[in-house]
Amino acid sequence: MVVKNVCCIGAGYVGGPTCSVIAWKCPDIQVHVVDVSQVRIKQWNSDKLPIYEPGLDEVVKECLGRNLFFSNDIDQAVREADLIFISVNTPSKTYGIGKGRAADLKHIELCARKIAEVAEGHKIVVEKSTVPVRAAESIAHILSANTKPGVSFQVLSNPEFLAEGTAIENLLNPDRVLIGGEESAEGEAAVGELTWIYHHWVPQHNIITLSTWSSELSKLASNAFLAQRVSSINAISALCEATGADVSQVAHAVGKDSRIGSKFLQASVGFGGSCFQKDLLNLVYIAECLNLHEVATYWQQVTDMNEYQRTRFAKRIIGCLFNTVTDKTLAVFGFAFKKNTGDTRESPARFVCSHLLEEGARLNIYDPKVERQQIESDLTSTRATNDPERIEKLIHIYTDPYQAVIDAHAIVILTEWDEFKTYDYKKMLSVMKKPAFLFDGRKIIDHQAVMNLGYHTETIGKRF
Ligand code: NAD
Ligand code: UGA
């Protein structure tokens with residue numbers, strides 16, 4: 001079999017960009033991305049895509065209607081596909097056993113049941129979502145228990161490593177592509193088909209084939225290692241603030257060791273994003289279920305440290321503002337969990353803002369890419385507060401940062417958007433309350449320069 005028709009269930013941050021790149025690089029393959037959400041599919045077919053990702057618009061524009069299609073017709077896309085990616089969300093469970101930690105696989109299971117229901121002929125089913133180890137076994141079980149005559153399946157694991165904000169670059173030049181499959185002739189044939197797709201643009205030496213379980217665990221382990229580096233440098237940042245060392249200098253010195261490397265050592269207000277937290281907690285839960293308590297405790301610390309870092313920063317803001325922010329106006333720059341994305345899932349900004357709002361601060365929030373409704377719902381949802389009406393009155397969303405700082409007591413930088421580095425902070429100072437404070441939770445601006453202007457400045461991992 002040569003794959004001619006690919007379907008992807010889930011048109012989200014992974015399914016959309018990944019399949020757009022596949023369509024772009026493989027003009028000989030028809031790619032259908034399907035989703036239960038009518039709104040999302042409508043957006044993919046419009047001029048304003050549902051997600052902001054540098055370079056994505058151009059790729060979609062070139063392929064849409066040529067060999068890339070977005071639709072809600074899941075049955076037809078599955079029926080016609082030779083290979084089906086499952087790229088649905090796998091959040092932490094919010095109910096029942098493992099609540100708050102175990103991965104919720106209900107969407108994955110629904111996909112498996114849908115495929116079993118409508119598939120005809122032979123299908124390769126590819127687990128693209130991040131899942132607990134041995135999830136592929138459950139998918140295979142559901143498929144085989146529902147197989148009809150003339151229908152057969154092979155299940156592969158092909159986790160995604162793209163980071164938001166650099167998704168297209170990561171997809172075009174991946175450090176590695178993992179393809180996990182069954183150790184059988186059929187399994188190897190399926191691995192060969194998926195490898196053939198990636199060969200359109202990824203060199204062979206960057207494609208790793210491995211067992212399904214190793215592939216699944218490698219994804220969780222990779223995110224755990226990355227998050228651990230951020231928590232490690234953030235732990236050092238607390239030591240720097242207490243001792244007078246500078247975390248940027250320490251990170252540079254440590255990262256120069258080629259065995260350690262310099263990437264992912266940027267101290268911050270904490271890591272966010274839809275995956276680090278949930279994947280770490282999933283790893284912790286798996287370890288606990290296997291009675292590996294020391295392993296669970298070890299990884300739990302990475303997320304505990306992240307919570308400590310976010311809380312520490314929020315408390316520092318309050319402490320510096322004479323121990324009260326009640327009725328004070330704070331201009332918040334950045335709400336996304338990192339630059340170059342409009343995604344706010346698990347954003348440290350959400351956490352810090354909620355903390356400040358609970359203390360009665362008025363927040364003037366500006367983010368270049370996050371929509372007003374998103375910020376409002378993030379801060380007033382039941383998850384964020386038990387008093388949404390009070391919080392609603394305290395938040396004001398701005399589309400101009402220079403308006404956001406008028407009469408503010410402080411500027412709080414929570415996302416590392418490049419444009420924050422080039423603002424006219426002198427002009428901003430002139431309309432702020434005095435003493436004016438600047439809290440840089442991302443270490444992105446020239447602190448000496450803003451201090452020279454007259455700001456009282458605080459940042460992560462450094463004492464002035
Ligand atoms: P997302 O929430 O942006 O998108 C998931 C989509 O799946 C949604 O549009 C939803 O409507 C759809 N969906 C859910 N159930 C469905 C069903 N039964 N049938 C059809 N559509 C259905 O999620 P995401 O960020 O794209 O993440 C998807 C997976 O990829 C997760 O497991 C995540 O851990 C993993 N991952 C995410 C990233 C990232 O940067 N966001 C990176 C690597 C891996
Ligand atoms: C991360 C991984 O980098 C991807 O490889 C993975 O595919 C993805 O999770 C996933 O599974 O969802 P992402 O969350 O999009 O990607 O973004 P990162 O660049 O990893 O940043 C995560 C968070 O850590 C951000 O809040 C970022 O600001 C923070 N961070 C990152 C730091 O605070 N310091 C650093 O040095 C690096």
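This is a predicted model: local features need pLDDT of at least 70, side-chain atom pairs count only at pLDDT 80 or more; totals for chains, interfaces and linings use all residues.
Which residue in S10 does Ala331 stand opposite? I found Asn364 there.

I noted the ground rules next. Residues are numbered from 1 along each chain as written, chains are lettered from A and ligands numbered from 1 in written order, and side-chain values use heavy atoms, without hydrogens and water.

**Sheet**

I traced strand S9 (residues 329-333) and strand S10 (residues 362-366); they run parallel and are joined by 5 bridges. Strands here are DSSP runs (E, at least two residues), and helices are H or I runs of at least four, numbered from the N terminus. Two strands pair if DSSP finds at least two bridges between them. I then followed the open sheet of 6 strands, S11-S10-S9-S12-S13-S14, with parallel pairing. S11 (395-398) and S14 (456-459) are at the edges with a single partner strand each, so one side of each lacks a neighbour in the sheet.

**Ligand 2**

I checked polar contacts (N or O pairs within 3.5 Å). One ligand 2 oxygen atom is 2.6 Å from a side-chain N or O atom of Ser268. A polar side-chain atom of Arg442 is 2.7 Å from an oxygen atom of ligand 2.

Methods
A polar contact is a pair of N or O atoms within 3.5 Å; within protein, one must be able to donate a hydrogen and the other to accept it, and residues adjacent in sequence count only if both atoms are side-chain atoms.
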